[in-house]
Every structure is written in C-alpha cells, then in structure tokens.
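Here is a briefing on one protein chain. Keep the sequence and the model side by side as you read.

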Amino acid sequence: MKSNLFYSLLFFSGAIFAQENTNETNLKSSDSSKTDKLKEVTIYGNKKQFLKVESDKTTVGVKDNPMLSSGSAFDAVKKLPGVITSPTGSLSLNGKGVAIYIDGAPSTLSGTDLQNYLSSLPANAIEKVELIYNPGASFDANASGSIINIITSSKRLKGVNATVNVNYNFNKNQKTSPQIMLNGKEKKVSWQTMLGYNYIDSNETTGNNQQFTTFTPVKNLYQSSTMFNTNRNVYFRLGTNYKLTDQSNLLFNYNANASNDRTNSNTSVYGEGNNFEDAAITKTKTSNHEISLQYKTKLDTLGRTLDVTAFTNLFNKNPLSQSSGYNEANGNLFNNANNDFSLTNYYLKYDFAIPFEQLKFSINTGGKYNTIKVNHLGKNNINSSTDDIFTNGNFAKITDFNYTENNLAFYVEARKKIKKFDFTAGVRFEDFKVKRLANLDLNTTQLDYRNTNFFPNASVLYEMNEQMNISASYSKKIEQPNYNTIDPNNGSAVNQFNTSTGNFNLKPTYFDNFDIKFTAFQFVQLGANYVVGKDDGRFVFSAKPGELVSNATTQQFDKIKTFSAYLSFPLPLDYFFKSKEEFAKRMNTIEKMNYIFFNINYVKSTIDGFTFPFTNKPITNYGAQSQIILPWNITNTMNYFILPKGTWEIYQIEKPIQQFDISFNKDFNNKKLKIGLHCFDVFNANEINGIISGNNLQTGFYQKRDSRTFRISLTYNFGNLKLEKENTEITTEKVKQGGGMMK
C-alpha cells in the first residue's frame with residue numbers, strides 16, 4: 001500500500017503541476033531557456049499548471065485558478081503558500097520580509113499605498129506569481145529577505161479576442177466591479193489591453209486599551225473607532241510586443257490607475273477624567289502611471305542574451321482630512337489637514353547572460369541606475385473652527401518633506417555544475433546616495449548619507465535523485481527605510497490623544513539570510529531559514545513621559561533574529577476515494593482532480609535590546625486549500641488559514657486570526673462562460689486582538705473589518721479560444737536564486 005501510494009504521488013506530481021501546452025511539454029524554469037532538472041517531467045495532453053515547486057522558488061498559477069482569480073491581487077497574494085499577513089498588515093514569506101515586484105520590476109510604493117494598489121489590480125489580470133525565497137545577485141539588494149513577483153497576464157492569441165469580467169460583491173454594502181480585456185496578434189505585433197472599475201464600500205472597527213506607564217499609578221485610556229470606507233478606482237493596462245527579428249523583441253507596457261477614496265470615522269476616548277468624541281472625514285485622490293520599454297535579444301547561437309529595460313513610475317496623492325471633536329474639559333477641538341504627495345521613480349538596467357554549455361558553466365552580469373524622488377507638503381490647522389480645508393487655504397502648521405535616493409548597481413554571478421552538485425556564487429555592488437530634508441515651520445532638518453557595499457550570495461544544490469534535491473544558500477541584503485516610515489507627514493486624521501509620524505532618523509537595515517530546503521516531486525518542500533536583521537524596524541505605539549498622547553511610528557531595534565521552518569505538500573484525495581483507473585484518468589486532467597494542499601509555518605523571533613512584557617511564544621501558522629469536483633462539473637474550492645495565539649515579532653496575538661473561504665465555479669458554453677459563487681470569511685472570524693509594548697506605553701489593540709463578503713463572478717470569453725497561443729517571449733538565461741544550475 002505504501003509503495004503504491006509513493007509512486008502514485010510521484011505520478012501525481014507530474015500531472016498536477018504540468019505546464020499548459022499542447023502535445024509534449026517539458027517543465028522549464030521561467031527564467032531559463034534550458035530544462036530545469038528537478039528533473040524534467042514529460043506530460044501528454046492539455047494541462048494546467050497551478051503550482052510548481054523548485055529549489056529557488058515556487059510558481060503559482062492565478063489566471064483560471066478559481067481559488068485565487070476572483071478577487072484582487074492583494075487577496076490572491078495573501079492566499080499563497082507560506083505568505084502570512086502580520087497584525088499590522090505587512091506580508092512575510094516563510095517568516096521573512098517581502099519585497100513586491102510586478103512583472104520583474106520592484107514596486108516603489110510602500111505601506112497602505114502598496115496595499116491599495118494591489119487591491120485595485122484584479123487577480124484575473126495575473127498570469128502567475130513567483131515566490132522567490134532567497135533572491136540572488138541579479139535582483140536588487142534592497143529586497144529584504146524574499147520577493148513576491150506578480151506576473152500579469154501575457155496571453156496573446158492570433159486575431160482579436162476579448163474577455164468580460166463582472167464581480168458583484170455584497171454584504172451590508174452592494175457594489176459591482178466590471179472589467180474588459182482585449183488581446184490579439186497582427187503580423188509582428190501582439191498586444192493586450194485591460195480596462196476596469198472598482199467600487200468597494202467597507203466597514204472597520206478598531207479599539208485601543210492603552211496603559212501609560214510613566215505615571216504612578218499607571219493611567220489608562222480606552223479608545224474606540226468606527227470607520228466607513230469608500231474606495232473607487234479605474235485602471236487601464238496596455239502591453240505590446242513587437243517582434244523585430246526572430247531573435248529580438250521590443251516590449252512596451254503602460255499601466256494607469258486613478259482612485260477617489262473617502263473615509264468617515266467616529267472616535268471615542270474615555271478614562272482619566274476624559275470624555276472625548278471626534279468625527280473625521282478624509283478624502284484622498286491618487287493617480288499612478290507606470291511606463292516600461294524593454295529590448296530583448298539573443299545575440300548568437302551560443303545562447304548569449306542581452307536584456308535592456310527602461311522604467312518610469314509617477315505616483316501622486318492628495319489626502320484632505322477634517323475632524324471636529326468635543327471634550328468636557330476643553331470644549332470644541334478641531335484638526336484639519338491638506339497634503340500633497342508626489343513620487344517619481346525611474347531606472348535603466350541591463351542583463352547579459354553568457355553560457356558555456358560544454359563546461360556546464362555560466363556567467364550572468366548586469367547593471368542598474370535608479371532614482372527615487374519624493375515630495376510631501378503637509379498643511380495642518382489645529383483647534384481652529386473657521387478654517388475649513390476644503391474652502392480655505394490658511395494653515396497654522398506646514399511640514400515640507402523631501403526625499404531623494406540615487407542608486408547605482410552592478411552584479412556578476414557564476415554558476416557551475418559538478419556531477420550532482422550545482423554551485424552558485426555572486427556579488428552585487430550597490431551605491432546608495434540618500435538625502436532627506438524636512439522643513440517644519442521654517443526649521444530645517446537635513447540628513448544625508450551614502451551606503452556603498454558589496455552584497456554576496458552563495459548557494460549549492462545537491463540532486464539526490466531525479467525527483468528530489470536539497471539546497472542551501474546565503475545572501476546579504478539591505479533595506480532602505482521607505483518613505484512611508486520616515487515621512488513626518490504620514491498621519492491623517494489625528495486628535496489630541498493620537499499622533500502619527502514617521503521616524504526621520506531611521507537607518508538602513510542589513511540582513512543576513514540563511515536557507516536550507518528539501519524539494520521532492522516538484523510539489524513537496526520542507527525547509528528552514530534564519531534571518532538576522534541589524535537595525536530592523538517595526539511599527540509601534542509610544543508616548544512621551546508625562547503625556548496622555550499615543551504616537552504611532554516606526555522604531556528600530558539592534559537586532560531581530562527570526563527562525564522559521566515550513567512544510568508544504570498536497571494530498572490527492574482521488575487516490576483514496578476513487579478507483580485506480582479513475583485516479584489515473586483524472587491525473588491527465590488536473591482540473592478534474594480532487595486534492596488538498598497543506599502549508600505549515602513555524603516562526604520564532606528574538607530581539608536584542610527589547611524586553612518582552614509577555615512570554616515570547618513562537619507561532620505555527622496552518623493553511624489548507626482544496627479543490628473538490630462536484631456533480632454537474634461544479635468545481636468547489638476552499639481556503640482556510642489560522643494564525644494561533646503567540647508572539648509575532650514584537651506583537652502578542654491574544655486570539656487566533658483565522659479565515660475560511662469557499663467558492664463554487666462552473667463553465668458553460670464550451671468554457672466561454674464561467675460563473676462563480678463565493679463567500680469569504682464564512683464564519684466572520686477574521687479579527688485581530690493583540691498587545692504591543694512601546695516606550696512608556698503598552699497598547700492592547702483590536703481590529704475587525706467586515707471581512708465576510710459574498711461575491712458573484714461572471715466571465716465571458718469572445719473569440720476562438722482554441723487558437724494556439726503565440727509565443728513571442730525570448731527566454732533568457734537569468735540568474736536562478738536558489739542554486740539550481742540551468743542545463
């Protein structure tokens with residue numbers, strides 16, 4: 001029985017994660033023109049690849065994956081194996097910090113700006129997502145510990161084809177999000193365009209129980225807030241690919257997004273003789289434009305390739321906030337603000353690959369010049385009932401924040417295969433020139449610094465047999481403080497008991513990343529990593545001595561050491577509940593396979609220079625995703641995760657964070673029409689209850705969003721879906737990050 005199950009799982013690994021293609025397909029790395037030997041698996045028939053595990057990364061298919069494709073890109077990312085959302089909303093991958101890339105380009109946005117952008121991008125625009133565990137020298141050193149690379153849809157068919165998507169979301173709010181996609185090919189030009197609109201209303205309740213510890217006895221304040229959010233955005237995406245020759249392509253992409261958001265909030269503060277009520281409204285308009293031009297060419301028959309990319313990102317937002325409150329001790333209180341924020345990012349980079357096939361050796365090299373400019377002009381009126389920010393331009397407090405970062409980088413990485421060993425060694429040179437300038441009421445603060453460092457990486461992979469390998473890697477990385485954490489203007493609607501500011505003096509964080517991983521059958525992985533972050537920062541609430549005012553900001557710690565271990569594997573249910581003949585048949589049509597995919601993460605952090613006011617208990621996060629084929633060809637998908645009580649970094653989780661989602665999907669009219677019924681957070685159990693200890697203040701916080709949402713999704717495809725996909729991509733032998741040699 002065990003032997004039969006072993007070989008069935010082995011065969012299942014080839015079927016469940018096979019590439020979408022016709023006839024015979026060899027599984028390949030997305031970054032290599034050579035077969036990636038984990039080893040090659042030959043599949044016959046038309047298959048869909050939803051998940052492929054490799055030594056250096058895991059690739060998850062999103063488009064046409066009913067488990068992930070019905071919501072936003074942010075919804076999809078949070079459901080990926082090993083991805084954990086912290087109590088503050090940040091993402092981690094197998095216990096390590098994450099940098100978000102979109103189509104291979106690092107996103108300049110951070111904090112809520114990045115979350116809002118990903119929430120505005122529909123998941124069905126994503127072809128696949130790459131989870132890169134320990135990025136090598138070809139990636140920016142400013143990548144923390146891991147990378148999530150979101151690759152948008154690139155399907156281009158001959159002729160003209162169209163897809164219409166409509167999502168109707170409802171709970172106590174009812175909104176519709178339509179979208180249309182067109183794609184096609186004419187002679188040497190292939191193209192794809194997308195236009196869509198999102199309108200989402202949501203509710204959120206938060207509460208803080210705060211103990212100000214410099215007082216004797218300790219003083220307590222309890223704050224509660226209810227918010228009603230309206231998010232409206234329109235997006236447009238255009239991608240073209242011009243085939244210059246059989247060996248070279250010119251690609252152009254333009255992405256635009258514009259939003260008009262509104263938040264109404266009501267806050268109450270009680271305790272220590274205070275009875276404070278506050279009502280606030282914040283209106284925010286944003287616009288984001290991304291333009292990229294890429295030239296890719298194969299230089300000769302030896303496999304040498306050159307890839308040159310130019311990229312520009314222009315982002316603007318204008319938050320307007322107005323609050324009015326009443327306190328029995330002070331009477332009427334006001335706080336109005338008008339902010340103008342702009343960000344410009346542009347870079348030019350090249351990548352050059354030189355393989356030596358006979359020597360089983362390759363060299364990759366490249367360079368990049370990148371510039372980021374941020375300007376944030378914040379204007380505030382405090383305790384003035386006459387100056388309405390929506391009609392009057394006179395302000396009592398003005399903060400002008402400017403940030404400039406210039407980065408020059410070069411890298412080289414060599415790879416060598418010796419028998420069953422693949423060795424990788426590389427180094428990246430990074431030269432950062434940073435200038436911060438803050439002008440507060442004519443008082444100027446300036447901070448200039450320069451980081452010039454080499455960032456090495458090394459890895460080795462050992463092929464135990466054709467289906468199993470073990471790899472180990474090391475990399476050194478840096479994380480420059482993003483604008484969201486250093487900007488003094490990062491607060492919006494505040495009051496006399498709450499402020500929110502950036503930490504202007506934050507230092508860069510340096511990371512040492514150590515990884516070891518066992519990979520089997522292209523779907524099982526068991527691994528561990530150890531990360532040491534020097535001057536690592538975390539979001540905290542703190543207070544000045546003798547003041548009942550809470551300030552939300554980022555605090556740096558001497559060292560944060562994080563150990564994590566993880567295990568992921570699928571369970572093919574059909575092996576146990578169907579006949580062997582039916583099981584073998586379904587392995588050739590994976591969209592008809594019943595399975596459960598499990599993911600388990602163990603994370604423990606220790607911090608130098610920080611005394612935990614509670615027991616430092618590690619956490620073990622559990623996740624499971626399933627696909628069940630019901631009668632009438634209805635596909636049922638379910639997703640469940642739970643983050644139990646314990647210590648996440650510096651936050652104590654007092655109650656498990658969990659969510660259960662369920663979907664039903666069915667195809668009609670020869671798969672041209674797809675209808676889905678979805679319920680997210682079925683038991684309405686996703687809420688955050690935690691404790692955080694900052695300077696002179698301990699805060700118990702609570703957050704509950706209206707996460708239980710129902711959705712009806714409808715997708716209709718126009719055109720001939722049986723037309724063969726046009727392959728206009730020139731695959732280049734780029735660096736693989738985990739040590740697997742390209743063959």
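Among contacts between residues at least 6 apart in sequence, 67% join residues at least 24 apart. A contact means heavy atoms within 4.5 Å. This is a predicted model, where local features need pLDDT of at least 70, side-chain atom pairs count only at pLDDT 80 or more, and totals for chains, interfaces and linings use all residues. Residues are numbered from 1 along each chain as its sequence is written, and side-chain values use heavy atoms, with hydrogens and water left out.

**The whole chain**

- The protein chain has six helices and 37 strands. Both are DSSP runs, numbered from the N terminus: helices are H or I with at least four residues, strands are E with at least two.
- Of the 743 residues, 54% are buried. Buried means under 20% relative accessible area, exposed means over 50%, and partly exposed lies in between (1.4 Å probe, protein chains only).
- The accessible surface comes to about 31,600 Å². Carbon and sulfur atoms account for 56% of that surface. The areas come from the Shrake-Rupley method with a 1.4 Å probe; for residues, only the protein chains shown count as cover.

**Confidence**

- The mean pLDDT is 82, and 85% of the residues reach 70 or more. pLDDT is the predictor's confidence in each residue, from 0 to 100.
- Over residues 1-47 the pLDDT is below 50. Beyond near neighbours in sequence, this stretch has 126 contacts in the model.
- Residues 721-743 also stay under 50. The model gives them 93 contacts beyond four places in sequence.
- Where pLDDT is low, the predicted coordinates should not be read in detail.

- Asp56 sits in the loop between strand S3 (51-53) and strand S4 (57-61). Asp56 counts as buried because its relative accessibility is 2%.
- Asp56 and Pro135 are 79 residues apart along the chain, yet their C-alpha atoms are separated by 8.1 Å.
- Strand S9 (residues 126-132) has six of its seven residues buried, so the rest of the structure largely encloses S9.
- S4 and S9 run antiparallel, joined by five bridges. Two strands pair if DSSP finds at least two bridges between them. Thr59 has Glu130 in S9 as its bridge partner.
- S9 also runs antiparallel to strand S10 (residues 146-152), with six bridges. Here Lys128 stands opposite Ile151.

**Helix H3**

- The buried residues of H3 (residues 111-120) are Asp113, Leu114, Tyr117, Leu118 and Ser120.
- They lie on the same side of H3, because they cover an arc of only 160° around the axis. The arc is that of the directions from the helix axis to the C-beta atoms.

- S15 (residues 248-271) and S16 (residues 274-298) pair antiparallel over 24 bridges. Asn253 stands opposite Ser292.
- Two residues separate S15 and S16 in their hairpin, and Glu272 in the turn has a positive phi of about 55°.
- S16 and S17 (residues 305-327) pair antiparallel over 23 bridges. This hairpin has six residues between its strands, with Gly303 in the turn at a positive phi of about 95°.

**Strand S35**

- Eight of the eight residues of S35 (residues 687-694) are buried.
- In a regular strand the side chains alternate between the two faces of the sheet.
- Both faces of S35 are covered. One side includes Glu687 and Ile691, the other Ile688 and Ile692.
- Three bridges join S35 to S32 (residues 651-653), and the two run antiparallel.
- Eight bridges join S35 to S36 (residues 697-705), also antiparallel. These two strands form a hairpin with two residues between them.
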